[in-house]
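Let's take a walk through a protein together, one piece at a time. Have a look at the picture, and then we'll start with a question.

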Amino acid sequence: MQPKIVDSSPSAAARTTRTTLTSRRSSWDENEIEGSASGRDSLLTSSTASLQPPQDNARRWGPGSGPGPGLLIFPGTAQRHQHNPNGSKTIAKANDENVAINQQGPTSRSFRSFRRPPLWQPPQDRGKAEQGKEDTEVLARQNPRDSRGACLAKVQAFIIEFLQGSSIHGFIYLAKLGLNFVERMLWFAFICVALFSIISLSKRTWHRFQTSPMVISMDRNKLVWNTSFPSLTVCPHKRIDELKVEEYILAHPDQFLSEEDQEDFRDFIVKLASLTYDNLETLPLNKSYGIPSYKYLDLLYELKWAFEPEISSGAAVKMFIYETQTEFGICHSVNSLVARYNSFDYWRSGDWSLLDHGDRVTVHPLDGEIYAQIINLSTAYDVYFHGAGDVPSISKQRYTFPESDYTTVELIALEIYTNEEARATKQRSCRFNYEAEEMLTVPIYSFGLCLSECRMFFALRVCGCIPHFYRNRCGYNHIFGTQIRNGRRLPVCGLEGIGCLVKIKREIISLKSDKYKINCNCLANCDDSNFFVQSYRSRVWFLGANLQWGIVEYPKMQLRRDVLFSFADVLVYIGGLVGFFLGCSALSFTEILYYFTARLVRRMFLS
């Protein structure tokens, strides 16, 4: 047995390689084309060109079809070798999927394929692409079911893309590959629990912002602020002048046929002048004496007794006393900013403008004891103490003093004011005097005036009329600061209407009813003063009834209304909830907006 000699030299390896290539070429079809020298040079420019037998290509794509996809590194190579200087032709064919370079030889052809980069389309094939798009639209019109299927497929792909790319925690697991149905449902349940928690806690936060965003704190630096001087309203018991009544009886003899009629009229007019909700049942309802109800107030001011008290004070600012019409009849108010809007002259002139009544009178602890005094009262009277921005209310305590006493009243004050930051907050649960959008009888707001209007409209709703001591001309509700103008006249209660008011007077006074719905929507004054009688003493005075009142002990604290929970706090709180439960931020919501607007339109209609 002879030993086998193996040649391992480089020349032997080269011979072996050539033998292998020769054997592979021999299995190809006869139509294989051997390129010319220039053709081979052009094909060698691609270092990754692949050779495939044309028979396989014909079987795979059919006759006349190009080869399978390859890799195109230099897309300009096909165009650069279109014209062969040696006379051979190089045919470059590129479509959306591949580029084939065909070289024509004497008897055969060779194919090489190049894969184009994504989104690259040769200029010469744009017409074919547009034609294909038109064909697709024609087919979609012919077969709408396939069009809907393609649209649903696009929507599904878009949603999956959003879930996989979203920055919101947990969304990616709804579309992540490799998870089964149970895992996806588990993550979906976690996301639902997080959303429910966010919505529930956010609603609670928003409710708190709408209902109680303010806090009332206590300020004890008493040497910094000024204290409002107590305002009061004096209502005399004597309101009708007997001489004027006699003149009226003589001027209307046809209405008073007997002495009994005249006596009944005197009693009627006195009780009408003192009529209030407390004594409605005392008014005689058997005879009207020919007086229409809408002239009750005019007649009372025509026959009123001249009550002209004088005022003096030790304050630096002069105090004024104004005649005003209240729920207790004709009274006089001192140091009031709203009393003039209820005066008979203001009502009779049909005026709705704001009046210049100056600033409220204030005192300071360094001023010492400050008193004001009303003299020349000449009759017994009732007194109501209130703040400068309010009017006397039927629910407040009243004090009655005789006509022969000199009375001194000492009061203590408790004030509340609203700082500048809270003025811009609508949820502060109070109103300033210029916020009179919902007032229909006066162009200024106060808590007492709002309650009076509420009682008036409640009486109008139940009995169809209003008492005579209210303004019987209602103004239209103004919007955006436009001036209130005169509106329709409201019917004034006659004897029958007053009988109806007697039945519901307790409900009118308390503004609470089990039978009727009462919603006044009256808020407290933002800047308000509350006064309480600390002590009072009276002694007989030979010069008639006098009243002296003032502050002996200045308040050591003041209440301040501040913003505790602003809209910025709401944003921070809700943002913290969203970040805690879902781990997202404001940009995450911007991302959602972008995906379902611009991105959705692009994916559904432009791709």
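Which exposed residues does the face of helix 8 turned away from its buried side carry? They are Leu 243, Glu 247, Leu 250 and Ala 251. Here, exposed means over 50% relative accessible area, buried under 20%, and partly exposed in between (1.4 Å probe, protein chains only). Helices (H or I, at least four residues) and strands (E, at least two) are DSSP runs, numbered from the N terminus.

Before we go on, a word on the model. It is a predicted one, where local features need pLDDT of at least 70, side-chain atom pairs count only at pLDDT 80 or more, and totals for chains, interfaces and linings use all residues. Residues are numbered from 1 along each chain as its sequence is written, and side-chain values use heavy atoms, leaving out hydrogens and water.

Now back to helix 8, which covers residues 242–251. Its buried residues are Val 245, Tyr 248 and Ile 249.

A nonpolar core is a set of buried Ala, Val, Leu, Ile, Met, Phe, Trp, Tyr and Cys residues joined through side-chain atoms within 4.5 Å. The largest one has 42 residues, and Phe 265, Ile 269, Leu 272, Tyr 277 and Leu 501 are those with the most contacts inside it. Among the elements giving two or more residues to this core are helix 8, helix 9 and helix 10. In soluble globular proteins, nonpolar side chains tend to be buried together.

Next, strand 7 (residues 231–236): six of its six residues are buried. Ser 231, Thr 233 and Cys 235 point one way, while Leu 232, Val 234 and Pro 236 point the other. Strand 7 pairs with strand 13 (residues 381–386) in the antiparallel sense over six bridges; pairing takes at least two bridges found by DSSP.

Finally, how many disulfides does a search of the whole structure find? There are six, each a pair of cysteine sulfur atoms within 2.5 Å. One of them joins Cys 430 to Cys 526, and its torsion about the S-S bond is about 95 degrees, so this disulfide is right-handed. Another links Cys 450 and Cys 522; here the torsion is about -85 degrees, so that disulfide is left-handed.
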